[in-house]
Amino acid sequence: MPDIKFIVENTALVKEGLQKKGYTPEELDVDALIKLHKEITALKTSSQALAEEKNKLSNSIKSAAPDERPNIIAQSKAVGEKFKQEQDQLDAKQKEFDLFMLKMPNLPSPESPVGPDDSGNVVRRKVGKIPHFDFEPRDHIALMEINDWSEMERIAKVSGSRTYAIKNELAKLELAMHMMVLDKLRAEGFTVITVPSVSKEKPLYGQGYLPFSRDEVYYMPEDDLYLSGTAELILNSLRADEILSENELPVLYAGFSPCFRREAGAAGKDTRGLVRVHQFMKTEQFVICKDSIAESEKWHQKLLQISEEILQDLELPYQVLEVCTGDMGAPKYRQYDLEAWVPSQNCYRETHSCSNITDWQARRTNLRYRDNTDGKVHYVHTLNNTGIATPRVLVPFIENHQNEDGTVNIPPKLQSYMNVTKIGKGV
RNA sequence: GGAUAGAUGGCCGAGUGGUCUAAGGCGCACGAUUGGAAAUCGUGUGUACCUCUAAAGGGUACCGUGAGUUCGAAUCUCACUCUAUCCGCCA
């Protein structure tokens, strides 16, 4: 959520940003928000004056002469009544205001392409050579069947649709990719951390998942807990309410966790195979840095570079997509998606999503740092990016590296994690 | 799941109804001292918001969270959350 003072002082700019993000003035009435804020401020001023009077009266009772006390108590009681009335009004308005603010999206970067939906996304570059097979390439499902790498039909009977069970060398490959990426991130200075997949409700508001997309997350009512769709959820709240010293920044986390998504809005899409499943594993890059756009944009580029290198290490052709204002989620200031080439679908599919959130999440989690220069407390900026997410990335991986006999080549960077140059028994 | 104890400022810890913006200590910052350091001494040491302002200042709230009692709550009542230890169960 943005700063209300900023909204008041830059109303036109805020309205422009909201429009770019696809919000109509009816959906988010900024003028109404500002009006509400002014009412709250006025109420605060008057109710605080009442509180002051009440405190003074109360404090005077102890030193007052006994015969004066009943009088003062009566006065204080009267002021207390008035105070309570105003306080109730204030609480109601404050609640309304807080709810409104929770719905306020981040404003997009002026650099972001403006567009209504994913049709406005812009390809910034394509890297790697799309393979041309001199045989009929198989899709990843066929490759898994040939090589005895999966139990897709059977696991659907056990665990329902959009689940997966992969085995043998492919199962090992899945874990090897995470090991490779964790090693890389550790070398980049990240703290490797494994985090839970369950979360209380508050972190979902902190991340900005709520109140926007409740139907996409698993909820366990008996325990009042949610299943995490990404380690970002956990890492974003890990340091909540802290005031970090500037010397601690940047905080870099490489968080590994199983991730769970209901995929409620994806009916009919990618129903077969490993592209879109309810449970998957993700190693997430998460950055906490100082609150200048220059600083967080620098880290945004760095995160993008790291994930590009990961795709290059996996020798996957990919494109860098800059996500347009209308297709970005509410928390985001600027976003790149990386998409790897999937031969069987003849298109690029998303494997990484790299976002600069600026201070939007930090305001929700109350995560701040003390600046060495001015000695003041500032909200931090947060950023997140996929490190590697499996099994989805296995789809472009085994399809791009397949041989005619159905075996799959392992690129050099992964070989030390797999101890082989090729996997699969083939036909 | 059962039992017990507990939750106070960056940390330790005192405080069981009225100047508590919380004693004391540690830490930290600055200064004095020193050739330099240690030790010592002195001063300072939260956050948010309101108001006012050139600056300073004034005020309100915050002692796990929420509600209640009271003229007045860190302190009393209720509910909840979390932590520790023991028992049970268990990858």
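Which residues line the largest cavity? In this predicted model, local features need pLDDT of at least 70 and side-chain atom pairs count only at pLDDT 80 or more, whereas totals for chains, interfaces and linings use all residues. Residues are numbered from 1 along each chain as its sequence is written, chains are lettered from A and ligands numbered from 1 in the order in which they are written, and side-chain values use heavy atoms, with hydrogens and water left out.

The largest cavity is lined by Leu 204, Gln 207, Tyr 209, Glu 216, Val 217, Leu 227, Ser 228, Gly 229, Thr 230, Leu 233, Phe 260 and Arg 261. On a 1 Å grid over the protein atoms alone, a cavity is a set of points where a 1.4 Å probe fits but cannot get out; a pocket is an open set with protein on both sides within 12 Å along at least five of seven lines, and lining residues have an atom within 4 Å of a point. Grid points are joined across faces, edges and corners, and a volume is the space filled by probe spheres set on the points. The structure holds 1 cavity of 30 Å³ or more, and the largest cavity contains about 60 Å³ of space. Its lining has 6 nonpolar, 4 polar and 2 charged residues (nonpolar: Ala, Val, Leu, Ile, Met, Phe, Trp, Tyr, Cys and Pro; charged: Asp, Glu, Lys and Arg; polar: the others, Gly among them).

The second largest pocket has a volume of about 560 Å³. Its lining comprises 24 residues, of which Phe 6, Asn 106, Leu 107, Ile 293 and Tyr 333 are the closest to the centre. Two or more residues each come from helix 2 (11-20), helix 11 (360-365) and strand 13 (377-379); helices (H or I, at least four residues) and strands (E, at least two) are DSSP runs, numbered from the N terminus. Helix 2 gives the most to this lining, with 4 residues. By class, 12 residues of the lining are nonpolar, 6 polar and 6 charged.

RNA strand B is surrounded by 18 residues, and Thr 45, Gln 48, Ser 58, Ile 61 and Ser 76 are the closest (a residue is near if one of its heavy atoms lies within 4 Å). Of the atoms of RNA strand B that come within 4 Å of the protein, 78% belong to sugar and phosphate. A polar side-chain atom of Asn 55 lies 3.2 Å from a phosphate oxygen of the RNA. For Ser 76, a polar side-chain atom is 2.3 Å from a sugar or linking oxygen of RNA strand B, and for Arg 368 the corresponding distance to a sugar or linking oxygen is 3.0 Å. Helix 3 (30-61), helix 4 (69-103) and strand 12 (368-370) each give two or more residues to the surface near RNA strand B. Helix 3 gives the most, with 9 residues. This surface divides into 5 nonpolar, 6 polar and 7 charged residues.

An open sheet of 8 strands has the order 1-9-10-11-14-8-7-2, with mixed pairing (two strands pair if DSSP finds at least two bridges between them). Strand 1 (122-127) and strand 2 (191-194) stand at the edges with a single partner strand each, so one side of each has no neighbour in the sheet. Strand 2 runs parallel to strand 7 (residues 251-260), and 4 bridges join them. Val 192 has Ala 254 of strand 7 as its bridge partner.

A sheet of 3 strands is also open, in the order 3-5-4, and its pairing is antiparallel. Its edge strands, strand 3 (198-199) and strand 4 (219-220), each pair on one side only. Strand 4 and strand 5 (residues 225-227) are joined by 2 bridges, and Met 220 stands opposite Leu 225 in strand 5.

Key
A polar contact is a pair of N or O atoms within 3.5 Å; within protein, one must be able to donate a hydrogen and the other to accept it, and residues adjacent in sequence count only if both atoms are side-chain atoms.
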